[in-house]
Amino acid sequence: MMQEELTVLSLDRKPDFVETPYIESVTQRALDYLQAGYPIHFCGAAGTGKTTLAMHVAAQLGRQVVLLHGNDEFASSDLIGAQSGYRSTKVIDNYIHSVLKKEESVSKQWVDNRLTTACKYGFTLIYDEFTRSRPEANNVLLSILEERLLELPSIHLGESYLQVHPNFCAIFTSNPEEYAGVHKSQDALLDRMITITLDHHDLETEVAITQTKSGLPWKHSKAIVDIVREFRDLGVNNCRPTVRACLMLSRIVAASGCAVSADDPDFKRICRDVLGPNSVKVSHNSRAVAFERLDEILAKHCPSVPKLVKGEAAAGARKAAQGSSIHGK
Ligand SMILES: Nc1ncnc2c1ncn2[C@@H]1O[C@H](COP(=O)(O)OP(=O)(O)O)[C@@H](O)[C@H]1O
Ligand SMILES: [Mg+2]
């Protein structure tokens, strides 16, 4: 006897999900397009919030969710089903309110897989990083999105097509940066979805995420985000460090109890580690640039003396121990 476990998720809004005017407006656009019958595609660099938004939008739709992650080793049969075999499913517990597992015992029967299940029952499909799968594996999506027909191999009880349920919706994400393992996505597939290009969150959102997820006071969260954003602007491709660096810094500060201050050697060390050359992608002599500018950037955003005009920052940092922190709201 062969078994297949299907994992269908019921998403609920997470308590630490941050909703600012920026997030609200992107969410609303996505919902409008989905409700008009179009698949949507969040496209953006790492850390621009694609996966989180996809989960949030799917939760708003209120239907069960099938989650797929792009994978170089996928074949179409992995998306729509395979005739036999046991496949374990990856459970992502991050956004999951409850995980419903449906076990099906099959014996020489077609085994529905996640995409087939979503199409059949009208669930919401989240296909995260779909360009990591080979274009041939994704071809099956063309007729699903256009004709709302899922083509099944003829072995499936004599049927060759499955009519896609009217409630079926699809949310895709991808990262346009070129790196190993990502295939140039097919134009035909992209032509069938509405692409919402995401940039890094705006300042307000980035601070709110940092504050919510670390518990640090607003002014310390703001200082950390300012530091990270200044490092981000040093980079040529303007992608890193991402909001993940804000979360790392703020959570480590919260856990270690050090001060968000240019004068705190622990804070400086944490910044050095988190914002090191791997995080700050500066193409010319990255190590030197990132570390040379660290003191100056820290002195600018978290001095422990009243804010100084440019040029006095370094002097201010030296005197900082005498003053008290004045920054932000
Ligand atoms: N609206 C939001 N509310 C709370 N946290 C968020 C929000 N958007 C992004 N994050 C956090 O920021 C980080 C990056 O977001 P993620 O969705 O994983 O980005 P991407 O998929 O584009 O790489 C994650 O830790 C995520 O939890
Ligand atoms: Mg992601």
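What is the handedness of the crossing of H8 and H9? In this predicted model, the crossing of these two helices is right-handed. Helix H8, which spans residues 203-214, packs against helix H9, which spans residues 218-234, with the axes 9 Å apart and at an angle of about 125°, and H8 is therefore oblique to H9. On the H8 side the contact is formed by Leu203, Glu206, Val207, Thr210, Gln211 and Ser214, and these residues meet Trp218, Ser221, Lys222, Val225, Asp226, Arg229 and Arg232 of H9.

Among the contacts in the chain with a separation of 6 or more, 77% are between residues 24 or more positions apart.

A further position of interest is Thr27, which lies in helix H1, residues 21-35. Thr27 counts as buried because its relative accessibility is 4%, against a cut-off of under 20%. When neighbours within four places in sequence are left aside, Thr27 is in contact with Leu53, His56, Val57 and Gln60. For Leu53, the separation from Thr27 is 26 residues in sequence, while the C-alpha to C-alpha distance between Thr27 and Leu53 is 7.2 Å.

How values were computed
Residues are numbered from 1 along each chain as its sequence is written. Chains are lettered from A and ligands numbered from 1 in the order in which they are written. This is a predicted model: local features need pLDDT of at least 70, side-chain atom pairs count only at pLDDT 80 or more; totals for chains, interfaces and linings use all residues. Side-chain values use heavy atoms; hydrogens and water are left out. Contact means heavy atoms within 4.5 Å. Axes are lines fitted to C-alpha atoms, for helices over the stretch in contact, and angles run from 0 to 180 degrees between N-to-C directions. Helices (H or I, at least four residues) and strands (E, at least two) are DSSP runs, numbered from the N terminus. Angles under 35 degrees count as roughly parallel, over 145 as roughly antiparallel, 65 to 115 as roughly perpendicular and the rest as oblique. A crossing is left-handed if the near helix is turned anticlockwise from the far one by less than a right angle, and right-handed if clockwise. Buried means under 20% relative accessible area, exposed over 50%, partly exposed in between (1.4 Å probe, protein chains only).
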